Number of protein chains: 2
Amino acid sequence: MASPGRIPEATVARLPLYLRGLDAFPVGVTATVSSDELADLAGVNAAKVRKDLSHLGTYGTRGVGYDATFLRFQISLALGVANVWPVVVCGMGNLGRALANHTGFTDRGFPVVAATDSDPDKIGTIVDGVPVHAPSQLGDIVRRFDVAIGVISTPAGAAQGTADALVAAGVTSIMSFAPTVLSAPDEVEIRSVDLATELQILGFHLHRSRIAGDS
Amino acid sequence: MASPGRIPEATVARLPLYLRGLDAFPVGVTATVSSDELADLAGVNAAKVRKDLSHLGTYGTRGVGYDATFLRFQISLALGVANVWPVVVCGMGNLGRALANHTGFTDRGFPVVAATDSDPDKIGTIVDGVPVHAPSQLGDIVRRFDVAIGVISTPAGAAQGTADALVAAGVTSIMSFAPTVLSAPDEVEIRSVDLATELQILGFHLHRSRIAGDS
DNA sequence: AGACTCTTGTGAACTAATGCACAAGGTGTC
DNA sequence: GACACCTTGTGCATTAGTTCACAAGAGTCT
Ligand SMILES: NC(=O)c1ccc[n+]([C@@H]2O[C@H](COP(=O)([O-])OP(=O)(O)OC[C@H]3O[C@@H](n4cnc5c(N)ncnc54)[C@H](O)[C@@H]3O)[C@@H](O)[C@H]2O)c1
Ligand SMILES: NC(=O)c1ccc[n+]([C@@H]2O[C@H](COP(=O)([O-])OP(=O)(O)OC[C@H]3O[C@@H](n4cnc5c(N)ncnc54)[C@H](O)[C@@H]3O)[C@@H](O)[C@H]2O)c1
């Protein structure tokens, strides 16, 4: 069938990869891309590419491939990339500063418009163009800049409180780097990025292969 | 049955969460924890906890729960947490510095022992206790410190070259933050952490709910 | 001892995701 | 127009993961 239905979560997670892969094709120039090529560019297999894209609609041409520009447009549409979602960074420490300083976010429609930090020395300063406010200002910030996404890069102990404050301010999308479980109402979407866990998964496989392999 | 079999990937990804949840229980004190409690602590449901733990062995007591200390020990064993896996950070920019400065990694057995950077101003300096070397030194570093994991926090354009260098040096585990697909031999495990993609997934759901909800 | 209360461990049903394989449909050539 | 050649779109089988639901133990109380 065609476009309307629900898009599987696994597909949603790959759409940004396809979009990124399509950057290899210059804008303006008409070019076609096959599911095979796109698979290479996105690091998945071709069958997955076709199945994923079929959830958006039938935008390819049999025997030919997909029009790169048109496909980019359609994926962008599905992802809602045209929108700009202002981001507030909570906790302007090592990680928060790196995030605020990162141009890649703004480029993709996620400008970091403000930050909060509990450190009095930081409050009132402007770091890499991002003004740092007191945590108590969060509600104001969200309202003023129409913040859509909150990033939590505070220490773990302050994460739940920060999440509560974000939710209270009306933010329904949170990306957290704090190594804790956050609780929030069901309608709030939380994506937890736990780098230590990622390393531990790598460690697990290393461990396994060392046991199996040799001494 | 019991311990020997292969542990499903989804389970492996959750074991670190359980381990983290068990930190709520003081060491030395004997305490029991039920699958329900552990589920709360790890942010999953109880059935999953039990099924996951059953892959490690039958370490619980019916009607009682799991001994917290013993369970922690068994999960640690499965994950190979006792090992120390030295890490090299490639690309000592905003993100690399944040990673190198992060104590949470060393605490969990992933000490950042060295870094590389192509910037002549950075080479030879010591940032947060981590010495910065030229990329050409990578092989030496890996050998000298017995590096097990390479972190790629270079610009996207330098990521594949860095990955190649890591692989050539014998590193088989890579965590990359660069927004690119990396190719490497099959035996190399690559975990790609793409923060922009995470934001785009949040953006997708925001987009969807705004369309469905109201104007 | 027997009844009652817990909570584990696990078959079994269900759901999601992946990958295969091929018909359908399009292009180009003679 | 017929034929050869591509590549999509998708039905289907397979595999992976989740969730249910309950019997099997283990403790407790009377
Ligand atoms: N740095 C890393 O590479 C890294 C890696 C993995 C996970 N993390 C996690 O990310 C989080 C931040 O790490 P970091 O290295 O930037 O730590 P950090 O200590 O450098 O920064 C934390 C910042 O949060 C501020 N803060 C404290 N309480 C606050 C509150 N209630 N509201 C707003 N700000 C508050 C502090 O003043 C500080 O500036 C931690 O939870 C850490 O575990 C960091
Ligand atoms: N900063 C963030 O919050 C953030 C977020 C998402 C993704 N990323 C990605 O992480 C990567 C690093 O981001 P960043 O903000 O730290 O960038 P950055 O520009 O601050 O740092 C990159 C560093 O890599 C060094 N470098 C360049 N080529 C190198 C090479 N061949 N070998 C070793 N070092 C080399 C540069 O000298 C620089 O110091 C980028 O790919 C970026 O897209 C960063």
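**Domains and interface**

Chain A is divided into domain 1 (9-79) and domain 2 (87-186), with bounds from an automatic or database domain assignment. The centres of domain 1 of chain A and domain 2 of chain A, taken over C-alpha atoms, are 33 Å apart. This is a predicted model, in which local features need pLDDT of at least 70, side-chain atom pairs count only at pLDDT 80 or more, and totals for chains, interfaces and linings use all residues. Residues are numbered from 1 along each chain as its sequence is written, chains are lettered from A and ligands numbered from 1 in the order in which they are written, and side-chain values use heavy atoms, with hydrogens and water left out.

Chain B and chain A each bring 58 residues to the contact (heavy atoms within 4.5 Å). About 5,300 Å² is buried between chain B and chain A, 67% of it from carbon and sulfur atoms; buried area is the accessible area (1.4 Å probe) that two parts lose on being put together, summed over both. L199(B), Q200(B) and L202(B) supply 13% of the area that chain B buries against chain A, more than any other three residues.

The interface of chain B and chain A holds 4 salt bridges (a side-chain nitrogen of Lys or Arg within 4 Å of a carboxyl oxygen of Asp or Glu). A salt bridge joins the side chains of E198(B) and R191(A), at 2.4 Å from N to O.
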